[in-house]
Amino acid sequence: MSFFLKKTDDINDISVRARCGRRAGFLGIVLNTLLAAGKIAVGAISGAISVLADGLNNLTDCGSNVVSVIGFKMSEKPADKEHPFGHRRAESVASLLISVIILVVAVELAVQSVDKLLHPSETDFSYLLMGVLLVSVAVKLFMFFLNRNLGKRLSSEALLATAADSISDTVATFLVLVSAIVSRFANVDLDGWLGIAVALFIAFTGFSILKDTVSGLLGRAPDKQTVDDIEKRVLSFDGVKGVHDLIVHDYGQNKMYATVHVEVSASLSITEAHDLADRIEKSFAADTGIQLTVHIDPLVFGDPVTDKLKEEAERIVADIDPAFRMHDFRVVGGEKHKNLVFEVAIPFDCQLGETEILRRIRAGVTRLNGGACDCVVTVERQNL
């Protein structure tokens, strides 16, 4: 493992990540080329379509490794005019291409297996065939554990995709081995059927990788732990009364940008509020690597009238759905008429429409203070 990642290496350093990815990719190219050559030769001699297809699968794995190496090389490029957030998503693109290659191999294997069922041919059993398959299982297991370990430590989608491909290859080769043994000693030709089973397993692996990768490229919501950690850290600063509208953008491994609205007392001067926002942003940049942008929301705290109306508004919102969250509460107006201005965050899976929610809130607010209150409400769907 030290050949790829030394104890002194910083896993957040893009050059370290790129070096590990390239070395793992080049090793995969060498091993997959040797496995492919052995299986294709033995499969052609024995007539075992499943062995030949498994060899072709290893050959396409070489292509996957090449894609992975290119992806890591591209991700190492610094930010430029056309890509101001860097190139780290190149790893995700590499993972996407790997999943497509896996799916293409699965389809080709299924076609060949069906052809074997429709046009049976005798499969020659040999101990050389068994030896090649056993070596392949051992090599693929090694590649699985290597890529999974590196992928987890580096949070690399490309390496984790390669690990998933390796374990699917391990299962596929093991099934081919079982097919050869059963066909030899039970006189039952399972070559075509096992080929179809292997194709389905490989296709499932490819689709799983494709789904996860596309989700990330489309802008997957941050995990709850990341959100909780950011909110907790922001709330730890003196003067912060509340946090809302947190948005996190992931531009690749350990490259995150975020924006957040921070509620502070309206009694703070503009200079004091700006200084607070600046301290929060610098703290995140120095200690977490997250480029955080803070928007200050000055609100009134400690005023009896405002606090009472806020409590009433929170009750009205909670009566609709306890999961709703109210923030940015302000009171605008004079003695005879007041506008309650606030925002309400609702879950994405809420069945109520925004129009109906607004209708219910306004109906509740207009009953406050003998009808002397109205409201200006913004409803937005968020992960709560």
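This is a predicted model: local features need pLDDT of at least 70, side-chain atom pairs count only at pLDDT 80 or more; totals for chains, interfaces and linings use all residues.
Visitor: At what angle do helix α4 and helix α5 pack, and are they roughly parallel or roughly antiparallel to each other?
Guide: Helix α4 covers residues 127-154 and helix α5 covers residues 157-185, and their axes lie 8 Å apart at an angle of about 160 degrees. Angles over 145 degrees count as roughly antiparallel. The two helices, α4 and α5, are therefore roughly antiparallel.

Visitor: Is the crossing of α4 and α5 left-handed or right-handed, and how many nonpolar residues does their contact hold?
Guide: The handedness of the crossing of α4 and α5 is left-handed. As for the residues of the contact between α4 and α5, seven are polar and four are charged, while the nonpolar ones number 19.

Visitor: How are helix α7 and helix α8 oriented, oblique or roughly antiparallel?
Guide: Helix α7 (residues 224-235) packs with helix α8 (residues 270-287) at an angle of about 130 degrees, the axes being 10 Å apart. Roughly perpendicular ends at 115 degrees and roughly antiparallel begins over 145 degrees, with the rest counted as oblique. That makes the orientation of α7 to α8 oblique.

Visitor: Which residues of α8 meet α7, and how many residues of the contact are charged?
Guide: The crossing of α7 and α8 is right-handed. From α7 come I230, R233 and V234, and these meet I280, S283, F284 and D287 in α8. By class, the residues of the contact of α7 with α8 are four nonpolar and one polar, and the number of charged ones is two.

Visitor: How do helix α9 and helix α10 cross, and are they oblique or roughly parallel to each other?
Guide: The axes of helix α9 (residues 304-320) and helix α10 (residues 354-365) come within 10 Å, crossing at roughly 140 degrees.

Visitor: Which residues make the contact of α9 with α10, and how many of them are nonpolar?
Guide: On the α9 side the contact is made by I316, V317 and I320, and on the α10 side by I357, R360, I361, G364 and V365. One residue of this contact between α9 and α10 is polar and one is charged, and the nonpolar count is six.

Visitor: How many aromatic pairs are counted, and what is the arrangement of the rings of F329 and F342?
Guide: The count comes to two aromatic pairs. In the pair of F329 and F342 the ring centres are 5.9 Å apart and the planes stand at 25 degrees, so with planes under 30 degrees apart the arrangement is stacked.

Visitor: Which strands hold F329 and F342, and are these residues buried or exposed?
Guide: The pair links distant parts of the chain, 13 residues apart, with F329 in strand β4 (residues 325-333) and F342 in strand β5 (residues 338-347). As to accessibility, both F329 and F342 are buried.

Visitor: What is the phi of D245, and is this residue buried or exposed?
Guide: D245 lies in strand β1 (residues 242-250), and its phi is near 50 degrees, a positive value in a residue other than glycine. The relative accessible area of D245 is 12%, and buried means under 20%, so D245 is buried.

Visitor: Where is D328 placed, and what is its relative accessible area?
Guide: D328 is in strand β4. Although D328 is not a glycine, it has a positive phi of about 55 degrees. D328 is buried, with a relative accessible area of 5%.

Technical notes: Residues are numbered from 1 along each chain as its sequence is written. Side-chain values use heavy atoms; hydrogens and water are left out. Axes are lines fitted to C-alpha atoms, for helices over the stretch in contact, and angles run from 0 to 180 degrees between N-to-C directions. Helices (H or I, at least four residues) and strands (E, at least two) are DSSP runs, numbered from the N terminus. Angles under 35 degrees count as roughly parallel, over 145 as roughly antiparallel, 65 to 115 as roughly perpendicular and the rest as oblique. A crossing is left-handed if the near helix is turned anticlockwise from the far one by less than a right angle, and right-handed if clockwise. Contact means heavy atoms within 4.5 Å. Ala, Val, Leu, Ile, Met, Phe, Trp, Tyr, Cys and Pro count as nonpolar, Asp, Glu, Lys and Arg as charged, and the others, Gly among them, as polar. Rings of Phe, Tyr and Trp (its six-membered ring) pair if their centres lie within 6.5 Å; planes under 30 degrees apart count as stacked, over 60 as edge-to-face and the rest as tilted. Buried means under 20% relative accessible area, exposed over 50%, partly exposed in between (1.4 Å probe, protein chains only).
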